[in-house]
Amino acid sequence: MAEAAIGGSAEKVSHEEAGLRFEVDGEIATITLARPERRNAQTFATWSELARIGDSLPQQVRIVVVRGEGPSFSAGIDLRLLNPEGIPGQGSLAALATTDDPTFEQRIAQAQRGFLWLRRPDIVSIAAVNGHAIGAGFQLALACDLRILAEDATLCMREPALGLVPDLTGTKPLVDLVGLPRALEICLTARAVGAREAAALGLAELVVAGE
């Protein structure tokens, strides 16, 4: 990780393992998911770094923009987490599932911390969504106060189709935004929701041209 001194110029932080870039320019912070070669798939390291950013957010920041580099916002979890061997140095969801309940709950709570701080009352968080926002990507967008979608954006709660629970805090805001019956339908069918439908349902405040 490299940090520039906070001062007149923008502060920039890069963390390759987490696949994130973090920039602060005055009162605006930008978090960029930066693994375009994997369509910004998320890992345990991603969630830990998101939580660290929230814990150390400069006091002057009032707006946080979350965006994805490349053609997708985030295609969800890195599927290597589903394999027994997992990701080197990070483990796997399969291994996590074999731990005792307190350990399992602690690890899930740690992952959720990377999402929950985006709802703090002292900031406005905005998800700028292009391309796919699937599973964990959809939940990250739901963690923000506002969502601006490019015309090519597609939202999908993919976890149920993989036999997983959407446990990265996305289900509560989904229910708040579209109501329980529609949230159930979106989760249980794991279907794709396009940008225009998302706007009609209240999942997006604006739909704009991709450029």
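What follows is a set of questions and answers on pockets, strands and cysteines.

Mentor: This is a predicted model, in which local features need pLDDT of at least 70 and side-chain atom pairs count only at pLDDT 80 or more, while totals for chains, interfaces and linings use all residues. Residues are numbered from 1 along each chain as its sequence is written, and side-chain values use heavy atoms, leaving out hydrogens and water.

Trainee: How many residues line the largest pocket, and which element gives the largest share of the lining?

Mentor: A pocket is an open set of points on a 1 Å grid over the protein atoms alone, where a 1.4 Å probe fits, with protein on both sides within 12 Å along at least five of seven lines; lining residues have an atom within 4 Å of a point. The lining of the largest pocket has 19 residues, and Leu93, Ile108, Leu164, Val165 and Asp167 lie nearest its centre. Helix 1 (44-55), helix 2 (93-96) and helix 3 (101-116) each give two or more residues, helices being DSSP runs of H or I with at least four residues and strands runs of E with at least two, numbered from the N terminus. The largest share, four residues, belongs to helix 3.

Trainee: How many residues in the lining of the second largest pocket are nonpolar?

Mentor: Of its 13 lining residues, Ala75, Gly76, Ile77, Leu79 and Leu162 lie nearest the centre. Ala, Val, Leu, Ile, Met, Phe, Trp, Tyr, Cys and Pro count as nonpolar, Asp, Glu, Lys and Arg as charged, and the others, Gly among them, as polar. Two lining residues are polar and three charged, and the nonpolar ones number eight.

Trainee: Which residue in strand 8 is the bridge partner of Ile126?

Mentor: Strands pair if DSSP finds at least two bridges between them. Strand 6 (residues 124-129) runs parallel to strand 5 (residues 63-68), with five bridges, and Val64 stands opposite Ser125. Strand 6 also pairs in the parallel sense with strand 8 (residues 146-150), over four bridges. There, the partner of Ile126 is Leu146.

Trainee: Is Cys144 buried or exposed, and at what relative accessibility?

Mentor: Buried means under 20% relative accessible area, exposed over 50%, and partly exposed in between, with a 1.4 Å probe and protein chains only. Cys187, at 11%, is buried. Cys144 is buried too, because its relative accessibility is 4%.
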